[in-house]
Each structure stands twice: as structure tokens, then as C-alpha cells.
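Please read these notes with the model open beside you.

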Amino acid sequence: MSEDGEWSQTTVGTPQGAVGFALRCERRNRAPLLANVYLHYVFDMWIQWWRKSCRGNVVMVRYADDFVIGFENHSEATACLEALHTRFAQFGLKLHKDKTRLIEFGKYVIERRERHRESRPETFNFPGFTHKCAQTKEHGWFTIHRHSIAERVRATLQKIKEQLRTRMHRPIGETGRWLRSVVQGWLNYHAVPSNSHCLCRFVDETTRLWLEVIRRRSQCGRRKWTWERMQRLVRRHLPRPRITHLYPIQRFCARLKKGAV
């Protein structure tokens with residue numbers, strides 16, 4: 001909209017985030033709220049109509065301006081991808097060619113690829129997690145593992161490292177309280193089932209960064225601050241890494257029971 005209140009055409013795209021199965025789009029120069037409004041009319045209502053014409057199951061999950069679409073039939077997934085290009089173009093939008101992917105993902109992928117001596121199934125990223133095809137240890141049933149995206153974890157640790165250096169000469173207790181809030185906030189989001197290794201790795205790396213800063217406070221710091229002493233400090237200040245979120249099916253069942261009551 002222009003300054004005089006009139007609507008005018010624009011060549012600037014609207015942010016779309018990720019389209020999955022996996023179809024990804026790029027964010028561009030607009031507020032996420034406006035992107036959600038656009039997606040509601042451009043995509044959400046259209047995909048409901050598209051489901052009616054599909055013979056197989058169609059699953060769509062959207063978080064803000066990121067979404068993943070799952071198809072039972074490969075032909076329908078390919079047709080939907082082609083139709084999405086046309087649908088978005090009608091509104092002056094387009095899918096990002098580097099972030100839009102059609103991958104094989106699901107219950108029988110691991111077995112089929114092993115039978116044809118192919119590589120492991122592809123993975124995709126969806127808000128903060130890398131999703132992978134996996135099997136349960138006890139029964140060998142299909143499951144989806146979610147691991148924190150490695151690049152984002154490294155970026156977060158780099159920011160913590162920079163902040164710790166600026167707080168090098170602050171009291172250890174004060175730094176510990178600040179670091180506890182940072183680590184706890186990260187764990188609150190990432191403590192999902194199958195991600196315990198990433199949780200422990202994140203806390204260990206944070207501990208190592210904090211130890212390096214403490215040792216640089218004085219010349220005798222390296223001799224006084226051993227790893228055992230640092231572990232006692234961590235137990236006093238940092239939260240323990242543990243899974244706090246339920247599996248999606250458990251959350252869904254809990255909602256059904258609550259609604260039934």
C-alpha cells in the first residue's frame with residue numbers, strides 16, 4: 001500500500017519459509033504475520049481442495065510460514081509440486097529452487113533402499129530439527145528421529161562463547177545464573193524424544209567454553225580449575241539435560257482424553 005492509501009503492485013516477494021515433502025521457499029522482506037495471511041489464502045485453503053482429488057493419504061503440517069506435505073503416492077507428490085509452482089505464481093510468489101525438495105520419506109523407505117543397495121534415506125529440516133527415518137531398537141518399528149540442526153547448534157555455541165568472553169571478569173556465580181537461563185531456554189525447545197545426544201553434547205560444549213574462560217582469568221587458573229572441579233560447578237548452576245517433551249502421539253492422545261472428559 002502506498003503512502004496515500006492506494007494499493008499498488010509490487011515486485012518484492014513474500015516470505016514463505018519451508019514447503020515440505022520437502023518443498024522449501026525463501027523468506028523475503030515482509031513481516032511473518034503478513035506471510036501467514038498470504039499462506040492461509042494461497043496455500044492452506046488450496047491444499048484442502050487438493051486433498052479431495054488424491055487417492056492416497058495426504059498429510060500437511062505447518063508452523064508459522066514453514067510447512068511439510070506428505071503424500072502416500074509419488075505421482076501425486078510430483079503433481080502437487082508442479083501445481084504449487086502455478087498456484088504461487090498466480091499471487092506473484094515462487095518456490096525457492098534450492099530450498100524446495102521432493103524426497104522419499106516414510107515407513108518403508110529404509111527397507112526398500114536396503115533391498116536396492118541404495119544410500120540412507122534423505123533428511124529434511126523443519127523448525128529447528130533435522131528429521132530422519134529410523135527404527136526402534138526393541139521391535140524395529142518405523143519411527144522419526146528429530147535432532148537439533150547442527151549448523152544452528154554451532155551458531156548458538158559461538159554466541160555463548162562471545163558472551164562468556166565479555167563476562168570473563170564477572171563473578172562466577174553471576175555468570176552461572178546467566179548461563180543457566182540461556183541453557184534452560186535452549187533445552188526447553190530442543191528436549192524432544194530421540195534428541196538426548198544433542199542435549200548432552202550442547203551442555204558439555206557449553207561447559208567446555210565456560211571452563212576455557214575461567215582458566216583465562218588468571219595465570220594459575222589452568223592448574224586450579226580441573227575438569228572435576230568444573231563438573232561440580234556445573235551441577236550447581238546448569239540444568240541437567242533430559243527429555244521433557246512427549247512423543248507427538250502421546251500429546252494427541254492426551255488431548256483426546258481431555259476433550260472427552
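The points below go through the strands, then the cores.

1. Basis. This is a predicted model, in which local features need pLDDT of at least 70, side-chain atom pairs count only at pLDDT 80 or more, and totals for chains, interfaces and linings use all residues. Residues are numbered from 1 along each chain as its sequence is written, and side-chain values use heavy atoms, with hydrogens and water left out.

2. The sheet. Three strands make an open, antiparallel sheet, ordered E4-E5-E6. Strands (E, at least two residues) and helices (H or I, at least four) are DSSP runs, numbered from the N terminus. Two strands count as paired if DSSP finds at least two bridges between them. E4 (124-126) and E6 (142-148) are the edge strands; each has a single partner, so one side of each lacks a neighbour in the sheet. Neighbouring strands are turned by 40° against each other on average, direction ignored; the axes are lines fitted to C-alpha atoms, and angles run from 0 to 180 degrees between N-to-C directions.

3. First hairpin. Three bridges join E4 to E5 (residues 129-135), and the two run antiparallel. Phe-126 has Phe-129 of E5 as its bridge partner. Two residues separate the strands of this hairpin, and Gly-128 in the turn has a positive phi of about 85°.

4. E5 and E6 pair antiparallel over seven bridges. Ala-134 is bridged to Thr-143 in E6. Here six residues lie between the strands, and Gly-140 in the turn has a positive phi of about 75°.

5. Burial of E5. Five of its seven residues are buried, so E5 is largely enclosed by the rest of the structure. Buried means under 20% relative accessible area, exposed over 50%, partly exposed in between (1.4 Å probe, protein chains only).

6. Largest core. A nonpolar core is a set of buried Ala, Val, Leu, Ile, Met, Phe, Trp, Tyr and Cys residues joined through side-chain atoms within 4.5 Å. The largest has 24 residues; Leu-164, Leu-179, Val-183, Phe-202, Trp-210 and Met-230 touch the most other members. Helices H4 (150-166), H5 (172-190), H6 (196-215) and H8 (227-237) each supply at least two residues. H6 gives the most, with eight.

7. Leaving out residues up to four places away in sequence, Val-183 touches Phe-202, Val-203, Thr-206, Leu-238 and Pro-239 (contact: heavy atoms within 4.5 Å).
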